[in-house]
Each structure stands twice: as structure tokens, then as C-alpha cells.
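User: I would like to go through the terms used for this model and see what each one rests on. Please set the values against the cut-offs.

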Amino acid sequence: MNQPYDLLVRGGTVHDGTGAAPRRADVAVTGDRIAAVGDLATATARSVVDATGKAVAPGFIDVHTHDDRALLSNPDMAMKTSQGVTTVVVGNCGVSLSPLSIDRRPPPPLDLLGDREWYRFPRMADYMAAVDAAPAAVNAACLVGHSTLRVGVMDDLMRGATASEIGRMRERLAEGLEAGAIGLSTGLFYRPANAAPTEEVIALAGLLAPAGALYTTHMRDEADDVMKSLEETFRIGREAGVRAIVSHHKVTGTANFGRSRETLALIERTRAGQDIGLDCYPYIAASTVLDGNRLDRCSRIMVTWSTKHPEVSGRDLADIAAEWGISQLDAVDRLNPAGAIYFMMDEPDVRRILGYPHTIVASDGLPHDAHPHPRLWGTFPRVLGHYARDVGLFPMEEAVRRMTSLPAERFRLAGRGTLAPGFHADITIFDPATVIDSATFAAPATPARGIERVYVNGRAVWQDGAVTGAHPGRLLRRQALQAAA
Ligand code: ZN
Ligand code: CU
């Protein structure tokens, strides 16, 4: 009866992830699971943490990441654990490190994850085995990237795939799903996939529903044709009979400011007939590879990395061009391959999308950029401290829900995202009075304030403002459909 727990978090205010009103409760952990939540005044434990005045929440789930390689090259994952993140979903926007092995520089945006030496996992099972063999601080689930599939089987990316190429992509996707990938992502916006017709995606997505997997997409267009792109996404979901997630939903370009009213209304109407989800990062600037086509849509462009001119990382493109005495378009050519931050959204749209009850909070952070977008280090504390507490967009427990049970349910990460007995002991303790992002566009790699302690599978990964060096993360393989039985 009085067996000691491994860990007892005493006196905190539990935000259990469901959106329920916070309540004062102790939390006990045995092994890698939550053993009890409630008044545990008489309990004993090997380790006791006083959380008086602090919020105790499920670890946050970052469903939109590009951490495929970071799990292997930066296993401490400080940019995530410092925010309270305990699980990441990799392989978003059509770009996954696997299944692909190539002998040349990967085309943009695949190069956001690393150079060719990182594309060395011809099967998803190989990548997953590498993560299993050298676990990271956080858990991870994998998507198979459509652009990665295309680069692997096509000699010319500027056209639709042939029937036999689709067949080979289906084989690779099937292998990935079999190995435990949770779904397929596309980045139809990007050059390696832009020429793919909708039917090509539907042909691949047909494998998802029988496996209980999902479809996520960086849509073809998030600007003037954003409504058409939503319709395309919904069509893929309908015809493949699969749950679809609109990645980093936004409307870009001054001419489109305010159109989140239309997009959210369409999403809301469509949700009545099919399963649609969405995620969003809390900033008015986007970030990806450097592309001259975006020049006239942005109020400002910052360079985040450049292989030829690494010294300009963190500077504005306009200033670089002026200094070089050339046009911004010529500067883009001189800098590429490179990455950038694009200021191209309207704050009221960001708030409207974030405030929509079905929106998941996710970072889209780019972990290998020399001067990354601050979303990499700031997303979750920014939503908690800025948008929930200071702006009042929603209550703190609702902010926590959008980072925990909502993403766990949408991405079918069983046993995660709720603080209740039997769930995995992924726990974040934060100070609701002080939590805030510290990462800025000028100083992006700055850890947030107010994230006190973070546990993954029962083990501390972040405490006293630093990583602990523990790597208790696991690869979360797709739950076979036995859940339905
Ligand atoms: Zn994207
Ligand atoms: Cu992304």
C-alpha cells in the first residue's frame, strides 16, 4: 500500500490537458507512467518536487517540426525541452529524412534538414532503427514526406509522376507505414512537389486510411489561392477517406489580410462532413528556404542561413542588397542555397486562427538554420504567456489543451497528452505567472522563461534552466488499428 512512488510532484495546480478547470493536486509517477493524481499527502517517493504556485501539465506535443535530423544530431533537443515539449512529429511539409539515400545535394527545401550525408536512410525502418539506437530527450513520431518520395523515384520533378513512379512511391510509403510512420505529409507549395497533380497525392493517400494513418499538408498556396488550396486538401481527404491536417494555417500577403475569416468559415463548414484539423505557429512571419518569388509579398525578409555567405545570417535582405549595390533579386541568387524569414501575415489573422477551437499549437521550427525564426525556441511559452495570459485569447487551460490532448487525439498518439493515471509520464511544470518566450527575431536561440521542469517517460530532461543530458525519448510507432477492435 505504502510503496514509495518514484516521483511525487506536490502542491501544483494540475492543468490536465483536457481543458478542464485547473485544480490543486499532487501527481505521482511510477516508472514511465503516471500512477496517481489527487491528494497524496501521505504518500512517499524517492524524489519529491515542490510545485506550489506552479502549473503541472502534460508535456507539450509539437506536431509540426523539422526535427528529423535534430533527433540524431542534437539529441538533447534543448530548443524543444526548454519550451516544455516532450514529443515531436517529424517529416512535415513533404520533407522527411527517410526513405531516401542520395549522392548529390538534396534540392530545396530538403536541404533544410541537412546535406546529402544526412540522407542515408533508404527505408523508414532504417531511420527509425537509428533513432531507437540513439534516443533523444523527447519522443518522436514520423511522417513520410511526399517530396522525399518524389526525389527518390523521379528523374524530373517538374512534372506529375508516371503510373510506375506512383507505384514505386506507394511501395516506399507502404514500407514507412509498416515500420510505424503515422502518416504522409505533402509540401505542394514547394518546387519538388508543385507539379504533382491532386490525383498523384490521392493515389498515395489511398494507403493511409486502411492503416489508420493521417495526411498533413503545406498547401499549394497560402496567399491569393488559399481557398482553392483548402478545397484541394479537403478533396484529397475525401477521396482517400483520410483525416487531413492543414499545416501552419495562415493567409499571406497584404492583399489577403483578413481572409482568415473566409478560410476558417470554410474549414468549419467542411468539418461537418469530414475529418479536418489544423495547426498554427504564433508569429506574423514565416520561414523556409530563400525564394525570390516572395519579394513583393513581404514587408521584410531576413536571411537565416546561406551556404555561400554565412556571414549575412540574421541580416535583412534589403540591407545586404544595398551593401552589395545590387537588386534584392540578384542578392537572392548570390545567397542561394539559403533560408529566410518572411514578414507576410497580419496579427489579427494570427489571433483569429490561433483562437479557433480546433487549432493545434505547433512550432514549424527549423533547427539547423544559423539564425532561426524565433518560433524554434519560443512557440509554446509565447502562446502560454503572451497569447493566453497577457492578451487573453483563451484561458491557460485551453492553451494547454491545444498543446497536449488535442494534438494527441488528432495525431493518434495514444497514452500521451493527458495528465491522468495510466498515461505516460510526460510532464511539464511551469510558472503561469512568469512563463514567456524570450526568443526574438534579433536573438532567436534564447530559452524561454518560466518552464521549470520537464519530464519525458518519467525522467527529467530539463530543470534549473538547462538540459539534464538524459535521453528517455522513444520513437512512437503508429498504433495498429487494433484500437478499433
Ligand atoms: Zn511548411
Ligand atoms: Cu514545416
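Analyst: The model is predicted. Its domain assignment lists domain 1 (5-58 + 421-484), domain 2 (60-287 + 340-410) and domain 3 (288-339).

User: How do you know how far apart the centres of domain 2 and domain 3 are?

Analyst: Taken over C-alpha atoms, the centres of domain 2 and domain 3 are separated by 25 Å. Domain 2 puts 23 residues into the contact, and domain 3 puts in 19 residues.

User: What makes up the area buried between domain 2 and domain 3?

Analyst: That area is about 1900 Å², and carbon and sulfur atoms give 59% of it. On the side of domain 2, A340, Y342 and F343 supply 35% of the area buried against domain 3, more than any other three residues.

User: Why is the pair D224 and R297 called a salt bridge?

Analyst: The N to O distance between the side chains of D224 and R297 is 3.3 Å. The cut-off is 4 Å between a side-chain nitrogen of Lys or Arg and a carboxyl oxygen of Asp or Glu, so the pair qualifies. Between domain 2 and domain 3 the count is 1 salt bridge. The count of residue pairs in polar contact there is 13.

User: Which strand gives the largest share of the side of domain 2 that touches domain 3?

Analyst: That is β17, with 4 residues. Both β15 (285-289) and β17 (338-343) supply at least two residues of that side.

User: Why is N139 called buried?

Analyst: N139 has a relative accessible area of 0%. Buried means under 20%, so N139 is buried. N139 is in strand β10 (residues 139-145). Beyond its neighbours within four places in sequence, its contacts include T86, R416, V456 and L476.

User: What makes the pair N139 and D426 a polar contact?

Analyst: The side chains of N139 and D426 are joined at 3.1 Å, and the cut-off for such a pair of N or O atoms is 3.5 Å. A polar atom of the N139 side chain also lies 2.9 Å from the backbone nitrogen of R474.

User: Are C142 and C280 buried or exposed?

Analyst: C142 has 1% relative accessibility and C280 has 2%. Both values are under 20%, so both residues count as buried.

Methods:
Residues numbered from 1 in each chain as written. Chains lettered and ligands numbered in written order. Predicted model: local features only at pLDDT ≥ 70, side-chain atom pairs only at ≥ 80, totals over all residues. Heavy atoms only, no water. Buried < 20%, exposed > 50% of the residue type's maximum accessible area, 1.4 Å probe, protein only. Domains from an automatic or database assignment. Contact = heavy atoms within 4.5 Å. Buried area = accessible area lost by both parts, 1.4 Å probe. Polar contact = N/O pair within 3.5 Å; in protein donor to acceptor, adjacent residues only side chain to side chain.
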